[in-house]
Amino acid sequence: MSVERLKRIVESNREQRERDEDRTRAEREREREISDAPEFAFWPFFCGKCRLDFEAVGHKGVNRAYSEPIAWYEAKCPKCRKRLVRRITDRSFDPYWHESRKVNEDRMRMAKDLLQPGDRGFDMAYPEHRRRIEAELERNERDQYDRERAERKFIR
Ligand SMILES: [Zn+2]
């Protein structure tokens, strides 16, 4: 067997081992996420039907029927009694984050606070501020122009 071929085999074995380690690490983290979550927890929920944000004691649910176990908290809407779910695993994919009115309002408020002059959306949110900035820029330009003229005069 050539050295090159041997090297390739060793390399591919190493890659496979790393992939296995990554997978078991992810599995362990997932299991920890599930076992760390208490059976009952006070949690924010959103009912899309009632357009209602509310907090309630959620009951943990776990399903191991899939290749990766999933866990969630569930509670019932106080108005329509619909069963609502918040994800414990895959939290970033929880639809709550884009459905909740409260989250969206917070996000909009934060975006407004983070807006910088020149950002898209800034002019609409702060027309007065925008006018002040423009006036300031104009004044700077005028000063610069005056200075340059004064310097030219001085050189002559
Ligand atoms: Zn409801």
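Select domain 1 and domain 2 to begin, and compare their C-alpha centres, which lie 39 Å apart; the domain bounds come from an automatic or database domain assignment. This is a predicted model, in which local features need pLDDT of at least 70 and side-chain atom pairs count only at pLDDT 80 or more, whereas totals for chains, interfaces and linings use all residues. Residues are numbered from 1 along each chain as its sequence is written.

Colouring by domain shows the protein chain divided into domain 1 (1-29), domain 2 (37-114) and domain 3 (122-155).

Next, select residues 3-36, which make up helix α1; helices (H or I, at least four residues) and strands (E, at least two) are DSSP runs, numbered from the N terminus. The 34 residues of α1 reach 49 Å from the first C-alpha to the last, close to the 50 Å expected at 1.5 Å a residue, where the expected span is 1.5 Å times one less than the number of residues. Helix α1 is hardly covered, with a count of 0 buried residues among its 34 (buried means that 20 or more other C-beta atoms, placed from the backbone, lie within 10 Å of the residue's own; exposed means 12 or fewer, and partly exposed in between).

Move on to strand β2 (residues 52-63) and strand β3 (residues 70-76), which pair in the antiparallel sense over 5 bridges, pairing being assigned if DSSP finds at least two bridges between two strands. Val62 stands opposite Ala71 in β3, and a hairpin of 6 residues joins β2 to β3.

Finally, select strand β4 (residues 83-87), which runs antiparallel to β3 and is joined to β3 by 5 bridges; here Tyr73 has Arg86 in β4 as its bridge partner. The hairpin formed by β3 and β4 has 6 residues between the strands, and Arg81 in the turn has a positive phi of about 65°.
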